[in-house]
There are 2 protein chains.
Amino acid sequence: MTTEQPKPIRHPQHWATAAMPPLQRFLAGCHAEFWPDHDGAVANYIPELGKADPAHFGISLATLDGHVYEVGDSRVPFTIQSMSKPFVFAIALDALGSDQVERVIGVEPSGDPFNSIRLNAENHPFNPMVNAGAIACSGLVRQARHGDAFETIRDALGRFAGRRLDVDDAVFTSEAATGDRNRAIAYLLRTSDVLKEPVDDVLAVYFRQCAVLVTARDCAIMAATLANRGVNPVTGEQVVTPYAVSRTLAVMTSSGMYDFAGEWIYRVGIPAKSGVGGGILASLPARLGLGSYSPRLDGHGNSVRGIKVCEALSAHYGLHMLNRSDDARTSIIADYDIGANPSRRSRRAQERDILAAHPDAVRVLELVGTLSFSNVDYVSRQLAGSARPQFVIFDLHRVTAMTQAGLRLLAELFRELADFHVTVVLSGIRRSSAEWQEITERTGDLGNVRDFYLLDTAIEWAEDQIVYRYGGAIDFIETTELAEQPLLAGLSGDERHELAALATIKHYQQGERILAAGEPANSLFFLRSGVIHVTLPDGIRLATLTAGQCFGEMALLEPLRSADVVADFSATAFEITLDDFERFRARHPKAGERIMRNLAQLLAERLTIANARLNLLAAD
Amino acid sequence: MTTEQPKPIRHPQHWATAAMPPLQRFLAGCHAEFWPDHDGAVANYIPELGKADPAHFGISLATLDGHVYEVGDSRVPFTIQSMSKPFVFAIALDALGSDQVERVIGVEPSGDPFNSIRLNAENHPFNPMVNAGAIACSGLVRQARHGDAFETIRDALGRFAGRRLDVDDAVFTSEAATGDRNRAIAYLLRTSDVLKEPVDDVLAVYFRQCAVLVTARDCAIMAATLANRGVNPVTGEQVVTPYAVSRTLAVMTSSGMYDFAGEWIYRVGIPAKSGVGGGILASLPARLGLGSYSPRLDGHGNSVRGIKVCEALSAHYGLHMLNRSDDARTSIIADYDIGANPSRRSRRAQERDILAAHPDAVRVLELVGTLSFSNVDYVSRQLAGSARPQFVIFDLHRVTAMTQAGLRLLAELFRELADFHVTVVLSGIRRSSAEWQEITERTGDLGNVRDFYLLDTAIEWAEDQIVYRYGGAIDFIETTELAEQPLLAGLSGDERHELAALATIKHYQQGERILAAGEPANSLFFLRSGVIHVTLPDGIRLATLTAGQCFGEMALLEPLRSADVVADFSATAFEITLDDFERFRARHPKAGERIMRNLAQLLAERLTIANARLNLLAAD
């Protein structure tokens, strides 16, 4: 035994001079509070375990966004022992398939201590958390992987922890030399035909798996991987399937703490597993993984200080897994139709009239956060209860996650809408994303799902469909003359004639960039035919314009172009240089004033729309 | 037995002609699929139960936002039987305190059938879900409420269901007449001193509580109340405490399905309870409550079709409670400092310079959705990792719920920030709200928490503090003349002099409304001293203005005022009527053009700010 005093690390250095996350402070507080507790004794049923330093005490907590909190001896290695059981069960479920595993290992609590030799009525282990069940799991992996069985397990445990794990050979040798009770269990399992492999081969795997070295930090990340549906939150790797994870957590819940299981779920309510090496890991689904190391054990074989940390965490923050709350309504951040909030496209009178006659033909639902079962169900009821739109746009731009249940319900909603001839339009989701894959896998055969990355483009497209449906094709190659330009409204025929004489007619190909942000702004344009769009340098589309509208008009106020302008289709425009325009204004000051008034009017209209949109986003 | 054929209601009438929520369709599908299943037998251990119609089949699902789905015979009454046990346990926990209840009733699974007479090593019932434990609960309520014990229970069950519940007297009489095994259990409990009350009195309560009449719809709402931390989602009433709820769900998880409990949590993963009357209720925390009624039972005493509905719901949507996912990062919808996004207040050069020198002095975090443990922890790490602001504004406008864990962590974060002299400013939360109560209960002694309902007001206040801190008091009664007005920039001295002669000086008291939306816009104003603000009719503050700025200038473009203008402090302004102004412009067309150009420039600046804000809200 070492006499060296541990030097607990309370927090990373950079937090010393600024506010610390409360969780870091809480864990440091737990460490300080339980540090003086010297109850319990280091396991000594095998000599090597007895060498652990009883003073060691480390705590680590891993969040599902991959942050790892650590306090004290969180990097001191110790043997994993029984904490390997849930992971090897999960590995067996994935490696052999659930049928083969569930056929020979039960899932009911036994009420017996962990090393009980009693089997259930079918002569099978009661569950994978007692030694009999765990040895059966190692036997199944051995059956599938033969001589590679242990490396398969070590590799998988390493992927749970996010690093390669070593084995303590002295503990392995010691355990193998003294493991007669486990030998008895293994032979009994072989008579019941649960074990197909030679007992010595299986126990070599089992003893070695129990001697894998981990730290409290490793335990936290391993537990967090279970809490995160099998995805290691630090490395991002999917280590086991969600099926294996939920079933593993189920047996941890019903049998993880042996004959203490009912009390544990009652009082602490976080699935957990302990090992006689002094480790405890606790996994709160969708929240966190906790790991602790303190080798003094109580009569149940659980780490005394580790149990206290689990209890304190659950009690202080009310983290009992059956004490959760949520609100389904949080996913809808905006819900409107095009009557209340049209696209940024400037439309001509004929189009405006059609859209005004069908204000609720296009419904927009902007969603946010996680699309869970409850959230999508709530969304589906919002659509079922009201007037039936022809297009429903789901903006997923701020959706950060979709649960399996949410995805399934969403796909069912799309199918339901398809049956009623409602077109679903998705925005804010890229076709290269995992979410897109998951959605299209479930809705691939539906003809009613469209997607546009930008919400405004999606709204504009849906509006175009309405315009087309009720107004027939809109003639995009219509040609307008200067008389129809709002910027020039109120000018006399002579003044317009003079301006027209100053203009050059320019032709643009589809996709051609007409103006670029940052260039000198030395002319203004009046769109004569075609369609163009205005975008900010970061790709945000400010407006789509058709014949009869101006662009580049901010040259009247600003020296540089602030946006890109690109032709959507082939387009023609009148260009008037700023120099010519200034000369015209000098000759016709009243016309100049009138144009500036028109410009202010256009800007005021755009400001009104922007403010309405801001207020919509800020609304309750 | 009735021979009448049930007429299943598939869905409410108004959904027949439009898209139906997928969950309604799913439940209707379950009903149709399991309807032909005639396995199992109606309970007949007491004659009255045998009279149930084996054809009856009703399903109901209640969501936590209070919607109740129903299919089939969801309104047919039947006796609650063992489904009363978890609720009476919860009632006892609240009525007597957890110590008194937990002292005499265990929480470990027994592995025995529900009517086992075996007690645990301390001669106490193994748990509240076996008859012995349930009778002990009824005894405790009787001990606390004496003759009112049954009415206390009936009243509480009714609050779980959201309506007053009746009793089936025939079933009660039949059960009382044949309940000798329960009498044996009760006498055994009395010898162990678990029951203090006379056996007959306790059993009268117990038998009557088992004969309470419920429907599948009631069961769904009762289960949803457990899933919703004790708040009935339909009536909004807090029926029992969150402590009682989590412990009740814990014993349902470990013992709710008797010797089938391990298998149930493994396969279905939703805490549930069944009754021999044919009911099953299942409660998935933070998600839903399910109720079903179908009186044919399997060998365990569970409704055959009810079990199938639970299994189908769990499997189809992946609702195993240990298979949850979430994302902590979803709560921050915008995170910026005043350098990137200042308040809407128009500031003078001196103030702008001070703020520009301290762009990260004020940090704004706009939060959304549920503030859970994970969300708040993530927020706390965003603040710990970066440069230390002097003010942190938490905008809670779009926060729809806070969990207990989230609230506690939030309070700890405020305390941490206080220790580092950072001022916390809350916006989007009203002092009359429950959330405000909960926050101030935990942070009442902190001097560093301020609140302003409007986010913009909060930002403006924090900016003022920075201006004051680095620039000394700003003189709000500074007086400016027309020469300093940006709208009149570029005019000659003579032109300004002529305009000044047209102006009237107006004086306003603090709080006085200067302009009202909808009034004719027939003058424009130049603020000379004081502070005024501009608000939309719906209360949204558009701008705060100080001396040297204009208001009502949109009169140059629009015939009616579009916003209210109110004096924040006493203020003076130059007013020029539109008629006078038009005459001035007619005499000075170049000055008129210049003013229009200035107006367009002001509008362009406001539009740039609005678009930046829109893009911020739309950003990833």
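This is a predicted model: local features need pLDDT of at least 70, side-chain atom pairs count only at pLDDT 80 or more; totals for chains, interfaces and linings use all residues.
Local features need pLDDT of at least 70, side-chain atom pairs count only at pLDDT 80 or more, and totals for chains, interfaces and linings use all residues. Residues are numbered from 1 along each chain as its sequence is written, chains are lettered from A and ligands numbered from 1 in the order in which they are written, and side-chain values use heavy atoms, without hydrogens and water.

An unreviewed UniProt entry annotates A:S82, A:N131, A:E175, A:N182, A:Y206, A:Y258 and A:V276 as "binding site". Such annotations are given in the numbering used here, with shortened feature names, and may be inferred rather than shown by experiment.

A:Y206 lies in helix 8 (residues 199–210) of chain A. Helices (H or I, at least four residues) and strands (E, at least two) are DSSP runs, numbered from the N terminus. A:Y206 is buried, because its relative accessibility is 3%. Buried means under 20% relative accessible area, exposed over 50%, partly exposed in between (1.4 Å probe, protein chains only). Beyond four places in sequence, A:Y206 contacts A:K85, A:N131, A:A134, A:I135, A:S138 and A:N182. Contact means heavy atoms within 4.5 Å.

A:V276 sits in the loop between strand 6 (272–274) and strand 7 (279–284) of chain A. A:V276 is also buried, at 13%.

Helix 4 (residues 131–145) of chain A has 15 residues. Twelve of the 15 are buried, so helix 4 of chain A is largely enclosed by the rest of the structure. The buried residues include A:N131, A:A134, A:I135 and A:S138. Helix 8 of chain A is among the helices that the buried residues of helix 4 pack against.

Terms used: The expected span of a helix is 1.5 Å times one less than its number of residues.
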